[in-house]
Amino acid sequence: MPDISLTTVVLLCLAALAAGWIDAVVGGGGLLLLPALLLGLPSGTPAAHALGTNKAVAIVGTTGAAITYARKAPVDVRTAVRIGLAALAGSSAGAFFAAGMSTEVLKPVIMVVLLGVAAFVILRPAFGTAPATGPATRRQILAAIGLAGLGIGFYDGLVGPGTGTFLVLALTAVLHLDLVTASATAKIVNCCTNAGALATFAWQGAVLWQLAALMAVFNLAGGTLGAHTALKKGSGFVRVVLLTVVFALVANLAYEQWLA
C-alpha cells in the first residue's frame with residue numbers, strides 16, 4: 001500500500017461509509033468515493049489504481065445492499081441476474097478501453113442527459129412511485145438488458161461515477177418499477193458491473209488491495225444501512241435523494257470539464 005497518513009486513511013474510510021449509504025439508496029456512491037481516492041492517494045499514483053481500488057471497495061458495499069434488498073423488497077432476481085450478466089460483459093469491455101480512451105468528450109453529453117432526467121423527474125412527480133402492474137414483458141426485459149446491462153455496464157467500466165443512478169432511472173423507466181424496487185434491482189446489476197470492471201483492473205495490477213479491504217468494511221456498513229433506510233422511507237425519500245445526487249453529479253462533471 002502507498003505511504004498514506006493515518007488521517008487520510010480515516011477520511012477515506014469515512015468517505016467509503018457515506019458512499020455506501022448513497023449508493024444503496026439511489027446509486028452514485030462513486031461520485032464521492034472516486035474523487036476521495038484521487039485526492040487521498042499520493043501524487044503520482046496512476047489514475048487506474050484509484051479506479052481499480054474504487055471497484056474493489058464498491059463491490060463489497062453493493063453486495064451487502066443487494067442482499068439486504070433481496071430479503072425484503074419484491075425483486076425479480078432472475079431478471080436482475082440476466083441484466084447483470086450483460087452488465088458484467090459491458091463493464092469488462094469498458095474497463096479494457098478505459099486506459100486508452102479519453103472520456104472528456106463524454107462528460108458534456110452525460111451532463112445534458114442528467115439535466116434532462118432531472119427535469120423529467122421534477123415534472124413527473126408520479127415517476128417511480130407506483131408499484132409495477134405485473135411481470136415485465138419479454139420486450140421490456142430485452143430493452144433492459146441492452147440499455148441497463150450492456151450500455152450502462154460499458155459506461156461503468158469506462159467512467160464509473162453515477163452508474164447506480166443511471167441504473168435506477170433506466171430500470172424504473174423500462175421495467176416500470178417503483179424507485180425502491182428499481183434501487184434493489186440496480187444493486188444486483190451493479191454487483192455484476194463492479195465484478196467485471198474489478199476483474200479487468202485486477203488483471204492489470206491496478207488495485208491497492210490493503211487499502212481497499214479496510215475501506216470496504218466501512219462501505220459495507222454504509223451500504224447495508226442505506227438499503228434499510230430506503231426500505232423504511234419509501235419511494236418519496238428515494239426520489240429526493242435521486243434528484244440531489246443527479247444535481248451533484250452534474251456539478252461534479254461540470255467542475256472536472258471546465259474548472260479543474
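Close-up 1. Leaving aside its neighbours within four places in sequence, Thr 185 is in contact with Val 75, Ala 80, Leu 171 and Leu 177, where contact means heavy atoms within 4.5 Å. Thr 185 has its place in helix 8, helices being DSSP runs of H or I with at least four residues, numbered from the N terminus. With a relative accessible area of 5%, Thr 185 is buried; buried means under 20% relative accessible area, exposed over 50% and partly exposed in between, with a 1.4 Å probe and protein chains only. The model is a predicted one, in which local features need pLDDT of at least 70 and side-chain atom pairs count only at pLDDT 80 or more, whereas totals for chains, interfaces and linings use all residues. Residues are numbered from 1 along each chain as its sequence is written, and side-chain values use heavy atoms, with hydrogens and water left out.

**Close-up 2. Asn 190, also placed in helix 8 (residues 179-203).** Asn 190 counts as buried, at 3% relative accessibility. When its neighbours within four places in sequence are left aside, the residues in contact with Asn 190 are Asp 23, Thr 62, Asp 156, Thr 163, Gly 164 and Leu 167.

**Close-up 3. His 176 in the loop between helix 7 and helix 8.** Although His 176 is not a glycine, the residue has a positive phi of about 55 degrees.

**Close-up 4. The crossing of helix 1 and helix 2.** The axes of helix 1 (residues 6-26) and helix 2 (residues 30-40) come within 8 Å and cross at roughly 165 degrees, the axes being lines fitted to C-alpha atoms over the stretch in contact, with angles that run from 0 to 180 degrees between N-to-C directions. That angle makes helix 1 roughly antiparallel to helix 2, a term for angles over 145 degrees, while those under 35 count as roughly parallel, 65 to 115 as roughly perpendicular and the rest as oblique. Helix 1 contributes Thr 8, Leu 12, Ala 15, Ala 16, Ala 18, Ala 19 and Ile 22 to the contact, and helix 2 contributes Leu 32, Leu 33, Ala 36, Leu 37 and Gly 40. These residues divide into 10 nonpolar, 2 polar and no charged, where Ala, Val, Leu, Ile, Met, Phe, Trp, Tyr, Cys and Pro count as nonpolar, Asp, Glu, Lys and Arg as charged, and the others, Gly among them, as polar.

**Close-up 5. Pro 35 in helix 2.** Pro 35 is partly exposed, with a relative accessible area of 21%. Leaving aside neighbours within four places in sequence, Pro 35 is in contact with Gly 30 and Asn 252.

**Close-up 6. The aromatic pairs.** The count comes to 2 aromatic pairs, under a rule by which rings of Phe, Tyr and Trp (its six-membered ring) pair if their centres lie within 6.5 Å, with planes under 30 degrees apart counted as stacked, over 60 as edge-to-face and the rest as tilted. The rings of Trp 21 and Phe 237 have centres 6.1 Å apart and planes at 80 degrees, so this pair is edge-to-face. Trp 21 in helix 1 and Phe 237 in helix 10 (residues 235-259) are 216 residues apart, and their pair links distant parts of the chain. Trp 21 counts as partly exposed at 24% relative accessibility, as does Phe 237 at 26%. For Tyr 155 and Phe 166, the ring centres are 5.5 Å apart and the planes stand at 85 degrees, so the pair is edge-to-face. Tyr 155 lies in helix 6 (residues 138-158) and Phe 166 in helix 7 (residues 163-175), so the pair ties together parts that are 11 residues apart in sequence. Both Tyr 155 and Phe 166 are buried.

Terms used:
Helix = DSSP H or I, 4+ residues; strand = E, 2+ residues; numbered from the N terminus.
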